[in-house]
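Reader: I am new to reading protein structures, and I would like to go through this one slowly. Could you take my questions one at a time?

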Amino acid sequence: MKYVIGVDLGTSAVKVLLINQQGEVCQEVSKSYPLIQEKSGYSEQNPEEWVEKTTLALQELVKAFDGSIEDIEGISFSGQMHGLVLLDENNEVLRNSILWNDVRTTKQCKDIYELVGEEKLLAISKNPALEGFTLPKILWVKENEPSIFRKATTFLLPKDYLRYRLTGKLHMDYSDAAGTLLLDVAEKKWSTDICEAVGVNPSICPPLVESHEFVGTITSEVASQTGLSEATKVFAGGADNACGAIGSGILSEGNTLCSIGTSGVVLSYEESKDRDFQGKVHYFNHGKENAFYTMGVTLAAGYSLSWFKDTFAANEDFNEMLNGLEDVSIGADGLLFTPYIVGERTPHADALIRGSFIGMDASHKRIHFARAVIEGITFSLNESIEIFRESGKTVDSIISIGGGAKNETWLQIQADIFNAKIHKLSSEQGPGIGAAMLAAYGCGWYESLNDCSEVFSQIVKTYEPIPENVEKYKELFSLYKTIYSQTKELNEGLAAFRK
């Protein structure tokens, strides 16, 4: 039996999956690492943490593996998007990585519009200038840490730096490059027009490759540290959302994905490079060659629930905290929550907006608040589905992965709020599965990613929308959508009081 490894470099942890040729997850190892949040709106990580924890995870996986080590043929990666890693001429890290959920770059986003032009930016990058993307972070360093910027010779995204440390080779795949604002998404090349307009030398952009492309083997040092064979093939990998789409079988028109991790994503497959959503949703290169996907993002989806747990149920696990969730009525007995606790992205590109509980009553218990958080997260994702439907896309069947696919009640809530069939897969680890599929395809196990998906992605249960619940949620959703406009001015005023 042959095996591949999928490495999912997330925001809070790295997950390493060992998968065999039958698509079975044989082992799973996870190692967590901290966020560095020095100020409100700041979010960084030390890239060395990614390397250290991935090495430990691979060590643990190899130690438990009872086959021939040469049977582990390949390894590929899924990674958190947009995070900036700056390297000097010796490929040494110059500063902590500024992550996707860092929102310090509002000024730089405005600068990009002034320097490039909003229409031109959308025409080339297919996306608006938002704080989460990579280019605003580059410009922030250029303006605020000029001595560091002058030393920078290459920028990478998180999983690309991790892969560099395993292979000694510098690359970036198209799916991750699409989230930088520096890629010409349709033409699949770095945009010299954008680079020149913002004063960034195109030479800092690494070589571009396909997600399934072979980029080298692991170094002898990494082989020694992990126990893997030096012959282990390494494939480029992709952005976490692109890999989540691959791992969930979102590989042809009409397929839609809901992924609830730290952030939340609604993603739909696109064949055409010419669709125009006017920046309302993101438009990126897929991990599948010559394909694309549209995507709406809730910045704090699973993170909202994690925040709630850490604040109000720190000593309990999630199952314990959510015990009785199914017994709380739709609408949490008149309680609404907006998951804007770190700002928002779709459809409100707003770094200053913050979350709200609306309708608190003396009769509400903790479980009511938990239900409101889950419903609020799902309402936010539904705003992206609404944009897709208004554009003419049919969304009647959705694959659900991530934390939101682990709870039966939440899956039914998704079916009712989205008014669509929700499919649960045999594994909710979509990005890690997708990374492993890229390695399997790269190793030549299958003729195509679609063929690979038939083996690796299996639907095990479907949740149908309940008509009376759908109607109740439509009414609640209308109320939910008014909260943003009603609280925007309040939150702008409160911003001065945040650390």
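Author: Let us begin with a term: contact means that heavy atoms lie within 4.5 Å. Please keep in mind that this is a predicted model.

Reader: Which residues of helix α3 are buried?

Author: Helix α3 spans residues 118-125, and a residue counts as buried when its relative accessible area is under 20%. By that cut-off, the buried residues of α3 are Leu 121, Ile 124 and Ser 125.

Reader: Within what arc do the buried residues of α3 fall, seen down its axis?

Author: An α-helix has 3.6 residues a turn, so residues three or four places apart point the same way. The face of α3 turned away from the buried side carries the exposed residues Glu 119 and Ala 123. The buried residues line one face of α3, because they fall within an arc of 75°.

Reader: What covers the buried residues of α3?

Author: The cover includes both helices and strands, and the elements to look for lie on either side of α3 in the numbering. Among them are α2 (106-116), β10 (183-184), α8 (192-198) and β18 (282-285).

Reader: Which residues touch the most other members of the largest nonpolar core?

Author: In soluble globular proteins, nonpolar side chains tend to be buried together. The largest nonpolar core here has 58 residues, and helix α4 (residues 134-144) gives the most to this core, with five residues. Those that touch the most other members are Leu 135, Phe 155, Leu 182 and Trp 190.

Reader: Is Lys 188 buried or exposed?

Author: Lys 188 lies in the loop between β10 and β11 (189-190), and its phi is near 55°, a positive value in a residue other than glycine. Since the cut-off for buried is under 20%, the relative accessible area of 17% means that Lys 188 is buried.

Reader: Where is Pro 347, and what is the omega of the bond that joins Thr 346 and Pro 347?

Author: Pro 347 has its place in the loop between β20 (336-338) and β21 (356-358). Most peptide bonds are trans. The bond joining Thr 346 and Pro 347, however, is cis, with an omega of about 0°.

Note on methods. Residues are numbered from 1 along each chain as its sequence is written. This is a predicted model: local features need pLDDT of at least 70, side-chain atom pairs count only at pLDDT 80 or more; totals for chains, interfaces and linings use all residues. Side-chain values use heavy atoms; hydrogens and water are left out. Buried means under 20% relative accessible area, exposed over 50%, partly exposed in between (1.4 Å probe, protein chains only). Helices (H or I, at least four residues) and strands (E, at least two) are DSSP runs, numbered from the N terminus. The arc is that of the directions from the helix axis to the C-beta atoms. A nonpolar core is a set of buried Ala, Val, Leu, Ile, Met, Phe, Trp, Tyr and Cys residues joined through side-chain atoms within 4.5 Å.
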